[in-house]
Amino acid sequence: MLLTFARNQEKAIAVWLKNFILTMQEFFLFSVRAFISFPKVKRYWRDVLDQASICGTDSIPIVLVSAISIGSLLAIEVGNLLEDFGAKTMLGRSTSLTVIRELGPLLMGLMLSARFGSRNGAELGAMQISEQIDALRAFGTDPVAKLVMPRLVAALIMFLPLTALSDYAGLQSAAYMAEHYHRLDPGIFWNAVYPRLAPKDFVVGFLKAPVFAIIITLVSSFNGFSARGGTAGVGRSTIKGIVVSSGLVLIANFYVSKIVLENM
Amino acid sequence: MIELREVSLKYGDKEILKNVSLTVRDNTIKAILGPSGVGKSTILKLMLGLIKPNNGQVIIDGTDITNMKESSLYSIRRKMGMVFQGNALFDSLTISQNLGFFLRENMKLPEDEISRRVTEQIQFAGLEGYEDQLPESLSGGMRRRVAIGRALIFKPHMILFDEPTAGLDPVSSKKILSLISSLRHNNNLGAVIVTHIIDDVFNVADCVAVLYQGEIIFDDVTEKLHEAQHPFIRSILSDKILEQ
């Protein structure tokens, strides 16, 4: 009986592994198709503008809220900690590094994974279920060029200014908290920020924007295209898209920081 | 002309089609009849190259499309129009935008020619006054007519219908069937109709293939269906008589 159980488990693992490898292969080909459709960007510029508005301008409120809250909290907590060591004047330095290198881009990535990624997954999933994607193919339109490439181009363009906005809002809120909560002179705060920031700090932060744009757009769109099984299937594929892209954003965040900081 | 030569298809371990061979000649209406879930719609997707068979060949106007690249298939697909079972209209676009969508997308036609063709299809489908409505505000029969109009706007040689009357009331079904009949008379079009409704076959089809358990068990002119001896065909024919 134990042997049968072990064999069944072995079989289940083999099937899971095979499906995983096949999915990875499909995802790779899907990503390649999205990138090789880039020359068609001129033809689909209206779609790019629409998507830029959805993932860019419409995302400003959520990016601002998350950046302001994390910048404020960071200033309060780090300020309390530095006060114990009599190093409160270093508050600007520590918060600016954390916000610009890590938390600004990371929070923006997670927020956009939820907002932009879920929209992609649900919209493309619904199109898949209702055969609209098959209709595009049947009438001679490449659905990846029409639906995915504009999303990818828009995300690549818009994630950079959103990162800048997230950094700016995070730093401004930290400065506000430093002045009003910790009674730190703004001059001291900003003096600890600007002269000490090195180019690599910006490279780390801003390199994450295109990486996150690629991860979020491709993972959520791929899951939308893979939706099966009616409305419940759309729900499943959307959730899968958000969970996987958020996880990958966290992993990519770590590796981009590690690679850039070790090599610059 | 569309030909399927000994086509087999599997989804996982499930064998959907077993050595299916079919020919659809130009200017004829061919029905593919069979119970739900037997792989009828799959045959239409094979004809369009939307899915690839495990074995066999799919030949469109003498060109083997079985292993053709997706980018090369687009020009072949434009020879055929497809009416999906759920219509597959773009729900965020108006009726006239839906009709003109693929013309704008794939053909470099002047805007006034596109408008002319859209108006022509609106009139053909009897949808005057609904041009600026979204698909969700139309009835099932009207949406089906828009889907037919969208398939016709390219002026294809052949039109593929996936369950054209499924889910429609008897009046709408009758309108759709007369629309299909008129296509051949007025536009010289061929058609493939996938259906599980035997009345549709007798109403519009010149010839019929019956798909049962992944195999073609009958393929001849519609009138000869009555002479078929296969138990499944006898049972569906007797059901029809009972219905009458």
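**View 1. Chain A has 9 helices and 0 strands.** Helices are DSSP runs of H or I of at least four residues, strands are runs of E of at least two, and both are numbered from the N terminus. This is a predicted model: local features need pLDDT of at least 70, side-chain atom pairs count only at pLDDT 80 or more, and totals for chains, interfaces and linings use all residues. Residues are numbered from 1 along each chain as its sequence is written, while chains are lettered from A and ligands numbered from 1 in the order in which they are written. The C-alpha trace of chain A spans about 65 × 60 × 35 Å along its principal axes. Of its 264 residues, 42% are buried (20 or more other C-beta atoms within 10 Å of the residue's own; exposed means 12 or fewer, partly exposed in between; C-beta atoms are placed from the backbone).

**View 2. Pro195(A) sits in the loop between helix H7 (186-193) and helix H8 (199-225) of chain A.** Pro195(A) counts as exposed because it has 8 C-beta neighbours inside 10 Å. Its C-alpha atom is separated by 9.4 Å from that of Arg93(A), 102 residues apart along the chain.

**View 3. In chain B, 4 strands form an open antiparallel sheet in the order S2-S1-S4-S5.** The edge strands, S2 (14-24) and S5 (63-64) of chain B, each pair on one side only. Two strands pair if DSSP finds at least two bridges between them.

**View 4. Strand S1 (residues 2-11) and strand S4 (residues 55-60) of chain B pair in the antiparallel sense over 5 bridges.** Glu3(B) has Ile59(B) in S4(B) as its bridge partner.
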